[in-house]
Amino acid sequence: MIENPFEALFLKLSSIESNTKILSEKIDSLSQESKENNDMLTIQQLSQEYSLCRSTIHKFMRDGRLKYHKFGRKTLFKREDIEKCITTKGKHM
């Protein structure tokens, strides 16, 4: 008996939709965890949370006082690195 090609396509599409939904839920879950943990901050977030002006942040970055990570055009800071920089009161690490 010949299989209907549309049924096979429908089954594959259903499988893809199911997998997409599972992956989407996992991504949302990881994104929510990341927001809750707040491990990485952007320059804007760092400026707002710690009441530092952007020029001070850039100076700390230039001087090597504050470690940072570049992802494309985005600059991110680990919270632990920020805390180290602040607790050393801006001295070189």
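Me: What should I know before I start?

Reply: The model is predicted: local features need pLDDT of at least 70, side-chain atom pairs count only at pLDDT 80 or more, and totals for chains, interfaces and linings use all residues. Residues are numbered from 1 along each chain as its sequence is written, and side-chain values use heavy atoms, with hydrogens and water left out.

Me: Which strands pair with β3?

Reply: Strands (E, at least two residues) and helices (H or I, at least four) are DSSP runs, numbered from the N terminus. Two strands pair if DSSP finds at least two bridges between them. Here β1 (residues 40-42) joins β3 (residues 74-78) by three bridges, running antiparallel. T42 stands opposite L76. Strand β2 (residues 69-71) also runs antiparallel to β3, with three bridges. There, K70 faces T75.

Me: What is the strand order in the sheet?

Reply: The order is β1-β3-β2, in an open sheet of three strands. β1 and β2 are at the edges with a single partner strand each, so one side of each has no neighbour in the sheet. The twist averages 40 degrees from one strand to the next. Such angles run from 0 to 180 degrees between N-to-C directions, and axes are lines fitted to C-alpha atoms, for helices over the stretch in contact (heavy atoms within 4.5 Å).

Me: Where does helix α2 lie?

Reply: Helix α2 (residues 43-50) lies across β1 and β3. It runs at about 95 degrees to β1.
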